[in-house]
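Subject: Structure handover

Hello,

Here is the structure for your work. My notes on the helix packing and the pockets follow below it.

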Amino acid sequence: MLIGLRGNVSRRIEGEINSAFANYGPFTSTHEGLGVLMEEMKELVDAIHANDLESVCDESIQIAAVAYRLAGSCEDPYPEFRKRSTGR
């Protein structure tokens with residue numbers, strides 16, 4: 001469980017992380033991670049403007065999962081991720 005988060009929130013984030021990894025694999029670069037994060041951010045902004053609390057929660061969970069995946073990719077990059085993200 002992620003520290004400091006209520007159980008259901010941390011379980012949902014973990015579920016999103018696992019589902020995204022199973023469906024899409026690891027990020028290929030920081031730019032890919034940024035693209036996914038920005039897409040989710042736009043969806044969050046739209047949900048907030050629509051006053052759709054359920055969607056705000058869902059999009060927040062997805063943003064947390066994307067950020068967690070991206071941080072994990074940076075912390076332990078595989079060679080192609082490092083090359084595409086740093087040029088070396």
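**Second pocket, then the rest**

The lining of the second largest pocket has, by class, 5 nonpolar, 3 polar and 2 charged residues. Please keep in mind that this is a predicted model. The volume of the second largest pocket is about 150 Å³, and its lining is made up of I17, F21, G25, P26, F27, R69, G72, S73, D76 and Y78. Two or more of these lining residues come from each of α1 and α3. With 3 residues, α3 provides the largest share of the lining of the second largest pocket.

**Overall layout**

The protein has 4 helices and 0 strands. Read from the N terminus, the order of its elements is α-α-α-α. The C-alpha trace spans about 45 × 30 × 25 Å along the principal axes of the protein.

**Largest pocket**

The volume of the largest pocket is about 240 Å³. It is lined by 15 residues, and those closest to its centre are A20, Y24, V36, V66 and R69. Which helices each supply at least two residues of this lining? They are α1 (7–24), α2 and α3. The helix that gives the most to the lining of the largest pocket is α1, with 5 residues. Sorted by class, the lining of the largest pocket has 7 nonpolar, 4 polar and 4 charged residues.

**Packing of α2 and α3**

Two packed helices are described by the angle between their axes and the distance between the axes. Helix α2 covers residues 30–49 and helix α3 covers residues 53–75; their axes come within 9 Å and cross at roughly 165 degrees. Angles over 145 degrees count as roughly antiparallel, and α2 and α3 are therefore roughly antiparallel to each other. Their crossing is left-handed.

On the α2 side, the contact involves T30, G33, V36, L37, E40, M41, E43, L44, A47 and I48. These meet S55, V56, E59, S60, Q62, I63, V66, A67, L70 and C74 of α3. By class, the contact of α2 with α3 has 12 nonpolar, 5 polar and 3 charged residues.

**Packing of α1 and α3**

The axes of α1 and α3 come within 9 Å and cross at roughly 60 degrees. These two helices are therefore oblique to each other, and their crossing is right-handed. From α1, the contact is made by V9, R12, I13, E16, I17, A20 and F21. From α3, the residues in the contact are C57, D58, I61, Q62, A64, A65, Y68 and R69. By class, the contact of α1 with α3 has 10 nonpolar, 1 polar and 4 charged residues.

Some residues of this contact turn up in the pockets as well.

Regards

Technical notes:
Residues are numbered from 1 along each chain as its sequence is written. This is a predicted model: local features need pLDDT of at least 70, side-chain atom pairs count only at pLDDT 80 or more; totals for chains, interfaces and linings use all residues. Side-chain values use heavy atoms; hydrogens and water are left out. Axes are lines fitted to C-alpha atoms, for helices over the stretch in contact, and angles run from 0 to 180 degrees between N-to-C directions. Angles under 35 degrees count as roughly parallel, over 145 as roughly antiparallel, 65 to 115 as roughly perpendicular and the rest as oblique. A crossing is left-handed if the near helix is turned anticlockwise from the far one by less than a right angle, and right-handed if clockwise. Contact means heavy atoms within 4.5 Å. Ala, Val, Leu, Ile, Met, Phe, Trp, Tyr, Cys and Pro count as nonpolar, Asp, Glu, Lys and Arg as charged, and the others, Gly among them, as polar. On a 1 Å grid over the protein atoms alone, a cavity is a set of points where a 1.4 Å probe fits but cannot get out, and a pocket is an open set with protein on both sides within 12 Å along at least five of seven lines; lining residues have an atom within 4 Å of a point. Grid points are joined across faces, edges and corners, and a volume is the space filled by probe spheres set on the points.
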